[in-house]
Number of protein chains: 2
Amino acid sequence: MATAENVTGPMASWDPYTRGCPSRDLLDQIGSKWAVLVLGELGKHGACRFTRLRQRLAGVSEKMLTQTLRTLERDGLVRRTVYPEVPPHVEYDLTPLGQTLRGPLRVLTQWSVEHVGEVLAARQEYDVRAEGTA
Amino acid sequence: MATAENVTGPMASWDPYTRGCPSRDLLDQIGSKWAVLVLGELGKHGACRFTRLRQRLAGVSEKMLTQTLRTLERDGLVRRTVYPEVPPHVEYDLTPLGQTLRGPLRVLTQWSVEHVGEVLAARQEYDVRAEGTA
DNA sequence: CTGCTCACTCTCCATCGGTAAGTAGCCACT
DNA sequence: AGTGGCTACTTACCGATGGAGAGTGAGCAG
């Protein structure tokens, strides 16, 4: 079992509500737009190549996909496997640690799909009221 | 039950993997750094004033807190109540819709707290390997 | 020797986030 | 009369971040 002490010293517990706490950064990372989608995609369909991933996440730029994958790899959530061929062949898939994130992210994604209608309605109502005030 | 049809027309289902889909935007919003923390705080401790909230979310600027609260209010997740007093008195709390997000966000927050040690370790290992390559 | 594939990598520009100072309205104190 | 303070914002400025698109490298087919 990994504890805080193993890595950075005597901090007993992490708290994202504290300024500069690594758990806040991490929360930000894993909740970021492209990371959620990359992890979700790799979780659903397993290993995937760069170009295929880029197609599945319609709208992502190459730069952002590369950057997101690097960050996830560094964080130990995604594994990058290079097959030394020409043309280049690289595959990405989830590590065991990455797998543990599937549940939380699936729940969040489902929430946004299920409630987007209500949110859109709330926005309309808000905007109408704001117009009246302006 | 709110469905897509109620608001924007004949789209049968929302998919965050589609470019420009409102559910992708929404997912981005609710996963964003300050929104997660604001919703978490209001979920845990109930109604709260601006300044108090600012203290609890150590490190947030006034600008970002205002902006985050406005967005959440517009999305129907947070309710803003103004008491016409001097000095000004404004309270924020979760709407019923906002309450439904507590679970998903708590799970995500817990994940980051529980696994930050492993992630930190993975980063160290990655950085050491990268140094060797450089 | 030209073109093609794949996975980047670089450059340029627009938008975003953070810092810090300003605003409004009323009250208490001097 | 004037000064300062309370609370919740706004605004201006600036560096960091994200997106669009072109360029790179390595090797093989034609």
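Let me start with two helices of chain A: helix α3 (residues 33-45) and helix α5 (residues 62-74) pack at an angle of about 75°, with their axes 10 Å apart, where axes are lines fitted to C-alpha atoms, for helices over the stretch in contact, and angles run from 0 to 180 degrees between N-to-C directions. That makes α3(A) roughly perpendicular to α5(A), on a scale in which angles under 35 degrees count as roughly parallel, over 145 as roughly antiparallel, 65 to 115 as roughly perpendicular and the rest as oblique. Helices here are DSSP runs of H or I with at least four residues, strands are runs of E with at least two, and both are numbered from the N terminus.

This is a predicted model, in which local features need pLDDT of at least 70 and side-chain atom pairs count only at pLDDT 80 or more, while totals for chains, interfaces and linings use all residues. Residues are numbered from 1 along each chain as its sequence is written, and chains are lettered from A and ligands numbered from 1 in the order in which they are written.

Back at the helix pair, Trp34(A), Ala35(A) and Val38(A) of α3(A) meet Met64(A), Leu65(A), Thr68(A), Leu69(A) and Leu72(A) of α5(A), contact meaning that C-beta atoms, placed from the backbone, lie within 7 Å. By class, this contact has 7 nonpolar, 1 polar and no charged residues; Ala, Val, Leu, Ile, Met, Phe, Trp, Tyr, Cys and Pro count as nonpolar, Asp, Glu, Lys and Arg as charged, and the others, Gly among them, as polar.

Turning to chain B, 3 strands form an open antiparallel sheet in the order β1-β3-β2, two strands being paired if DSSP finds at least two bridges between them. The edge strands, each pairing on one side only, are β1 (48-49) and β2 (78-83) of chain B. β1(B) pairs with β3 (residues 89-94) of chain B over 2 bridges, and Arg49(B) has Glu91(B) as its bridge partner in β3(B). Helix α3 (residues 33-45) of chain B packs on this sheet, touching β1, β2 and β3 of chain B, and its direction makes about 90° with that of β3(B).

Finally, the DNA: 16 residues surround DNA strand C, the closest being Arg49(A), Thr51(A), Lys63(A), Pro87(A) and Ser61(B), where near means a C-beta atom, placed from the backbone, within 6 Å. Around DNA strand D there are 17 residues, the closest being Met64(A), Val86(A), Phe50(B), Thr51(B) and Pro87(B), and that surface divides into 8 nonpolar, 4 polar and 5 charged residues.

Definitions and conventions. Contact = placed C-beta atoms within 7 Å.
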